[in-house]
Amino acid sequence: MANDNMIQIPFIALSIVLPLLGLTCLAYFQDYLGRRLALVFSGLSVICIIGALYISIASGTNFVAEQYSYYIPALSVLLNLRLDPISFALSLMAGIVAFVALLSGNTEQEHEKLAGSLILLFQASAMGLFAAGNLFLFFIFWDVGVVAMFFMLYMLGSANRRRAAMKFLLYELLASLFLLLAIMMIYFYTPLHSFDIQYIIQNSQLIPTGTQLLIFFFLFAAFLINMPVFPVHLWLPDAHTEASTQGSMLLSGALTKFGGYGMILTFFMLPMSSQFSVFIAILATFSAFYAAFVLMTVRDIKRIVAYTTIVEMSIILLAIASQNGLGIAGATFGMLAHGFTISLLFLAAGSTGHMFGERDIRVLRGVVKNAFETAYTFLTGVFATTGVPLTAAFIGDVLIFMGALQAFSLFGIIPLIALLLTGTYLYYVINKSFLSTKEVTQNINYIGASQRAGYLLLIACIFFFGIAPFIILNLFNV
Amino acid sequence: MVQIALSVMENVYILLSAISAFVLFGVIAPLHKRKKLQLTLSTLSLIMVVIGASYVFTASPFVSTVSLFAIYPFSMFFVILFSIALILINILSYRNAKDYIQFSTMLSFIGLGLFAVSMANSLITILLGIELVTIPTAFAILLNGKNYVEAAVKLFIMAAIGVSMIAFAIVLLFPLDPQLSLSMTISNSSSTATYLSLLSLLLFIAGLSFDASLFPFNLWVPDVYAGAPGYITALLAGVNKKIAFVALFEILFIVMAPFSSTFALLFQGLAIVTMFFGNIAAMIQDNVKRLFAYSSISQAGYIAIGLATATAYGISASIFQIAAHMFMIIGTFAIVMWLEQKNVKTLNDYNGLSARNGFAALSLTVFMLSMIGMPPLMGFVGKFLLFTGAISANLLPLAVLAIINSFISVYYYAKVILAMYSKREREALPADASVNAVVWICLILIVLLGIYPQPLITITSISAASLQLLH
């Protein structure tokens, strides 16, 4: 809690409201002014999260909570927001990714108003979801995010986008219905009928064991679909292949983290779920290898990057399943790193597609010749994915595999091989299509200053959190 | 009986005279035939009804007028709700009805029936009220010309069967209480009396299921909904169906309260089959009006979940969902009616609607997202309350099936949304002022009460709890 002598600014609430204000500005002002104002509000929302982080560090606690009046007294739903170390990292990442997507994702400069307003709506929902103090708000923000993302996939993107968007919607709604059922069951089986996450964490052992099992199954299914991990991952590659650059950045950068965050919460809320951790770890390992092998047969850059998301998210599931301090910190840091990295890769891949009109690695040659920024940015993204030291992913991977080693002994580091396979293939892709200069594909378009700014910002974030990970990790040790 | 202050009594007089004024204006409308005057007068009198009823609601008195009517929170809530719905239908029909003056006369009878059922304190009042609602509706369809005879006759026959079943059910209860008051006590003393009451219960449920469009009795619904002009479809789906639920609440939870475990079981079955029937049939529809007819059947199934729980919480959830669905479906059918006049009927015609009229496409999308149960819209809160009610009454399988149904329904709602937002450039469609007014009202209510549902939840739970008072 913040000290009394500090000025009380409702940073968390502001971080949710500001993107919505930006949305209003975008709708009511002229194109140019509206777009500038939207960017300003989106950025201010990120600054609010940093402000909340500052309060938390200055006051020596590892969380900031804000509580307002009752939202729905009849259901005892409070309007309470709470940022703990995990949600600090994730909402900071989601805010920056949304800001960069707004700034530079729209290489084609089509439907800027529509895309911008959907991004801002999504940003508000992501900020709200990570800061939600109770499951009712969590569910509301979850569904708002899914609907915003659906329209983004459906209205913006390439020719076959409708089918992919429909697939996305069906998978995600199935997940959200599982989630709804689980939330309602938790509400009725806790003694005081509460949605409050802190209360549930303290009192979940009072729920009958059979019901706990059922709730765990529903929550696990919901978050597994969203993450996505092996048996229910099919929506992700299609959605990414057809999505616009902005859509891809937010989808992999922020939306898949909803599931990761929810999975961490599930393990916190239901301690009995640790009895399944070995099975979950096996599933995660299998999923990582599966995605890595499928990845090697894919030729579209965006699809390749999409499959790396599945590999990474499987490894994060492994970290969550390992159920120790290192694992949770690793999962959080891994998601933070992955959010920045994957949006950078998608931004570079989208810009490549825009510049050369081609995303197939069998055709694309010599990107470095005509678009060296994009080529080297993609290279940096690949370095960051494979966990080269000084990038944020390195810290994440070290923590994850140390946690897995602690929990599952040597079996825990088997997925490292999948990560290496992914890395190998990505270097092969880079070498073959981006860096070779024997033949050169001709540009049809060029990228602008806003794309370069986006590259810089994301690369800066990747290295900043790679060099100074203690900003987030210190919070875990308070 | 509770002593009532004079000021409350005055408010009751204001309420009753406003209702009388509404009916009177409708009856004398054919004498002056001034459309604008009639619209103003009837809307003003309905607003007076709302004001009078809300004053009495907050005072929470319990008045029994000649033992036919009772004024208590439950009745006042529905008087307010139906007045708002009647205002919307009135605005909608002003430009679109073929003969607004005659429709307005019919609407005044319908309104009288609605208020009678809402405030009923006797089974006879319920019977008369249901008749007053359904039969003028059939005539109102007929007013539009020869093309509508089929729908009108179908509705008339179904209404007649339903009403006769209710009448028979009432007759069976006559030996127990010759006054037929809702507060009658059903004794379990002799087995004959119990069997007769059970038979009467079944007949009530069957008779009212015709109007409530619960499964085996709803095969007429798509034909009549699709065959009637749009503003009457809005009336049928938004008002006539809801009044049957109000009558069911009054009969089941006041008169038949001792049999609650029996009818709860019955309604579990009815809710499940109705939801599945509506949702699965809607998936294969091509005509959008028919699609929404089936969707409103499935919504009736969701509302029936509250009856299946047979708890005060479940009833209040049902009442909330009734209010939510009323605004969603009136707004939806307002748009569908307006598009039908522009010859936009099938899913194929809906392609590219967003480019032709952005507001219509956006608001229809919001209505459908609300029907799916997307937060933060009113439909989500309604469904959430219903499902939590089912779980709290230990009906987890029912809640799971209902959630599966919500998932199935996404398919056909998404089909319409996707059609509207697909790219196909065609000429713009000019908006209609009265349709837009109705859509705006519904839209604002759905979004506001979705984001901040607490006031309505409080009101519905007071209403649900007050049902016990009457016994």
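**Notes on the predicted model**

1. A:Pro228 sits in the loop between helix H8 (209-226) and H9 of chain A; helices here are DSSP runs of H or I with at least four residues, numbered from the N terminus. The bond joining A:Met227 to A:Pro228 is a cis peptide bond, with omega of about -20 degrees. Most peptide bonds are trans.

2. Some ground rules apply to what follows. This is a predicted model, in which local features need pLDDT of at least 70 and side-chain atom pairs count only at pLDDT 80 or more, while totals for chains, interfaces and linings use all residues. Residues are numbered from 1 along each chain as its sequence is written, chains are lettered from A and ligands numbered from 1 in the order in which they are written, and side-chain values use heavy atoms, with hydrogens and water left out.

3. Another cis peptide bond joins B:Pro375 and B:Pro376, with omega of about -5 degrees. B:Pro376 belongs to the loop between helix H14 (358-372) and H15 of chain B.

4. Which residues of chain B have a positive phi although they are not glycines? B:Ala310 is one of them, at about 55 degrees, in the loop between helix H11 (288-309) and helix H12 (312-341) of chain B. B:Asn343 is another, at about 65 degrees, in the loop between H12 and helix H13 (353-356) of chain B. Most residues other than glycine have a negative phi. B:Ala310 is partly exposed at 26% relative accessibility, and B:Asn343 is exposed at 55%. (Buried means under 20% relative accessible area, exposed over 50%, and partly exposed in between, with a 1.4 Å probe and protein chains only.)

5. Over all chains, the whole structure holds 11 salt bridges, a salt bridge being a side-chain nitrogen of Lys or Arg within 4 Å of a carboxyl oxygen of Asp or Glu. One of them pairs A:Arg303 with A:Asp238 at 3.3 Å, N to O. A:Arg303 is in helix H12 (residues 301-322) of chain A and A:Asp238 in helix H9 (residues 235-242) of chain A, so the pair ties together parts 65 residues apart in sequence. A:Arg303 is partly exposed, at 23%, and A:Asp238 is partly exposed, at 21%.

6. In chain B, the side chains of B:Asp432 and B:Arg95 meet in a salt bridge at 4.0 Å, N to O. This pair links distant parts of the chain, 337 residues apart: B:Asp432 is in the loop between H16 and helix H17 (433-451), and B:Arg95 is in helix H3 (residues 73-96). B:Asp432 is buried, with a relative accessible area of 13%, whereas B:Arg95 is exposed, at 51%. Elsewhere, a network of salt bridges links B:Glu150, B:Lys154, B:Asp223 and B:Arg290.

7. In A:Asp360 and A:Arg362, the closest N and O atoms of the salt bridge are 2.9 Å apart. A:Asp360 counts as buried, at 18% relative accessibility, and A:Arg362 is exposed, at 51%.

8. A nonpolar patch on the surface is formed by B:Phe139, B:Leu142, B:Val149, B:Val153, B:Phe156, B:Ile157 and B:Ile161, with about 550 Å² of accessible area together. (Patch residues have over 30% relative accessible area and no salt bridge; like charges are joined within 9 Å and nonpolar side chains, namely Val, Leu, Ile, Met, Phe, Trp and Tyr, within 5 Å. Areas come from the Shrake-Rupley method with a 1.4 Å probe, and for residues only the protein chains shown count as cover.) Helix H5 (123-142) and helix H6 (149-173) of chain B each give two or more residues to the patch. The largest share, 5 residues, comes from H6(B). B:Val149, which is in helix H6 of chain B, is partly exposed at 36% relative accessibility.

9. A:Leu347, in helix H13 (residues 325-356) of chain A, is buried, with a relative accessible area of 0%. Its C-alpha atom is separated by 8.7 Å from that of A:Phe378, 31 residues apart along the chain.
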